[in-house]
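Thanks for making time this morning, everyone. Let me put the model up, and then we can walk through it together.

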Amino acid sequence: MTSASSETAIRVRIAPSPTGDPHVGTAYIGLLNYIYARQRSGKFVLRIEDTDRTRFVPTSEQMIFDSLRWLGLGWDEGPDVGGPFGPYRQSERTEIYREHADILLNRGKAYRCFCTPEELEVVRKQQIAAKLPPRYPGTCRHLSAEQIGQNLAAGKPCTIRLAVPPHGADLTSSTTFRDELRGQITFEHNNVDDQILLKSDGFPTYHLANVVDDHLMQISDVIRAEEWISSTPKHVLLYKAFGWQIPRFWHMPLLRNLDKSKISKRKNPVSLIYYRDSGYLPEALINFLGLMGGGMPADINDGTEQFTLAEMVEHFVFTDIRVGGPVFDLTKLKWLNGEYLRKLTPEDFFQVVRSRVFGDDYLRQISSLMQTRIETLAQFGDLTSFFFSDNVIPPQDVFLSKKRNLEETLNFAQDQLAVLEATDWTHDALEPALKKLGEEKSWSVKENFMLLRAIITGSTMSPPLLESMIVFGKARSLDRIRRFLEAQKKLAAQKK
RNA sequence: GGCGUUAUGGUGUAACUGGUUAACACGUCGCCCUCUCAAGGCGAAGAGUCCGGGUUCGAGCCCCGGUAACGCUACCA
């Protein structure tokens, strides 16, 4: 076996990308890694994979820290707490990747590619049209040293690609690795593409960065999602090219939507911020995640399916994990959360309500919207109830303008959702984004904002819309629109 | 299309190394409690284990062949 020997110290990691709200899948994989490390007196490392500058969201990293801590999944090493193998932010390690890419280049395990994205796009389209697997055609694989020198001298941007055997000196035709949950998995090399390792902007792709970092950070077990299985042969090839020991691989099942597709924000709330702000307790979410895929003995706590993180560390069995993708079912999560809420003492419950529903920060922001709008304090609730409610479904006479029919209204709401998803949650970003959409679709500012107001607040009368949405939060606002659209869809289906 | 993975009620999981009418939880439905709604209590329906072969006295568990779903197939992770 080529996997890590048992004497090696256990070190695991999660490596989220700061591309938006922290994802529930990150929490799931984080939980598993956390348990694995704690069970074996190992180290749990948090590494930030911020190598994609096009998708980078500056506020994302802090949200990842906050939400993982909220769940109780603390790490031993990471960008904020340091550690002996730093830096733990990949953008601060670009020099390391460049050096390692050079090693690969020198050993003939990688090569420079001068093809432009546009050229590659053309080729890919042709291949797809011809029903061929879209793959790099190898144009630059055998450039002479002279040609490469000329291109470099001409300042042509280039990427560095993995030279997948058997084209090179190594004539092995396939790569086999062991997945600890599924056994041996083999990929023929003609199904493995010459993956880009170093992009033309000098940043590495996931494949290079994750292998280099996992080795340098002495990661013993790579516990990640199933979607990585297909690219694992590339990683194994890299370990071999460097002459490094290969870690154990554990590919965990993918959380699913109700329709069994990979969990996605289109069909499910996936933001941990959403779960926090909608009043889920971290203990309940952790417990629920622990139910996904199994792993806990069925008789724990009399088979109530209720257990703590500490109990998971004590009893969880990794080899018992089921690899069929579990549906992330909000219905059961809600039940579980209710169980946890009921288990609190009345005083603890009150404290949770006070801090999570009527937190000072939240109330302060809402108050500032209300001061000019009420005459007695008792009216406070009249215009603000939507801030404290979960089910806000406006009746048709509230959201439907006399000038618009149902279909175009729902279509426009769908457009609003898409625009809002892609917009920073600030007044300066939201206002022009919404107005631009309105102009494109010929919806007046009034129609535009009134529809959104109806969806968010359930009423035609409310505090200023954008300010309200900002206070209410992006995750919850988007979810409210999604649920509105879903509810309308169901209604339409019933009528038929 | 290619490659890979997976497959137990609607959903999440159980079922000792193959051994009685496939178990539990959520959800659904009904009843009780009750001013309402929850919670709680009691009960019911719902799968014959993706399909087809094979091995065996016996298969959800083993073997072979299908099918379907999902994932990957980017200068994203």
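Let me start with a definition: for relative accessible area, buried means under 20%, exposed means over 50%, and partly exposed is in between, using a 1.4 Å probe and the protein chains only. A word on the model too: it is predicted, local features need pLDDT of at least 70, side-chain atom pairs count only at pLDDT 80 or more, and totals for chains, interfaces and linings use all residues. Side-chain values use heavy atoms, with hydrogens and water left out, residues are numbered from 1 along each chain as its sequence is written, and chains are lettered from A and ligands numbered from 1 in the order in which they are written.

With those terms in hand, look at the loop between helix H9 (282–291) and helix H10 (309–315), where Asn301 is found. Helices here are DSSP runs of H or I with at least four residues, strands are E runs of at least two, and both are numbered from the N terminus. Asp302 lies in that loop between H9 and H10 as well. Is Asp302 buried or exposed? Asp302 counts as exposed, because its relative accessibility is 75%. Asn301, at 34%, counts as partly exposed. Now the backbone: phi of Asn301 is near 50°, a positive value in a residue other than glycine, and Asp302 has a positive phi of about 60° although it is not a glycine either.

One more backbone point before we move on. The peptide bond from Gly86 to Pro87 is cis, with omega near -5°. You will find Pro87 in the loop between helix H2 (60–70) and helix H3 (94–106).

I call a residue near a molecule or strand if one of its heavy atoms lies within 4 Å of it. There are 56 residues around RNA strand B, and Asp52, Lys199, Ser200, Gly293 and Glu305 come nearest. Of the RNA strand B atoms that come within 4 Å of the protein, 80% belong to sugar and phosphate.

Which element gives the most to this surface? That is H11, with five residues. H4, E4, strand E6 (183–188) and helix H11 (330–343) each supply at least two residues. By class, the surface near RNA strand B divides into 19 nonpolar, 16 polar and 21 charged residues. For that count, Ala, Val, Leu, Ile, Met, Phe, Trp, Tyr, Cys and Pro are nonpolar, Asp, Glu, Lys and Arg are charged, and the others, Gly among them, are polar.

Lys332 places a polar side-chain atom 3.0 Å from a base nitrogen of RNA strand B.

Within the protein, take Asn257, in the loop between strand E9 (248–252) and helix H8 (272–277). Its side chain reaches the backbone oxygen of Lys262 at 3.0 Å, and Asn257 counts as buried, at 0% relative accessibility.

On to the cysteines. How many disulfides are there, if we ask for a pair of cysteine sulfur atoms within 2.5 Å? The count comes to zero. The sulfur of Cys113 has its closest cysteine sulfur in Cys115, at 3.8 Å, so it is too far for a bond. For Cys140, the closest is again in Cys115, at 3.6 Å, also too far for a bond. Cys113 counts as buried at 1% relative accessibility, and Cys140 counts as buried at 7%.

Last stop: Phe399, which is found in helix H15 (residues 396–399). Phe399 counts as buried, with 4% relative accessibility. The C-alpha atoms of Phe399 and Thr54 are separated by 36 Å, and the two residues are 345 residues apart along the chain.

That's my tour, and I'm happy to take questions.

Definitions and conventions. A disulfide is a pair of cysteine sulfur atoms within 2.5 Å. A polar contact is a pair of N or O atoms within 3.5 Å; within protein, one must be able to donate a hydrogen and the other to accept it, and residues adjacent in sequence count only if both atoms are side-chain atoms.
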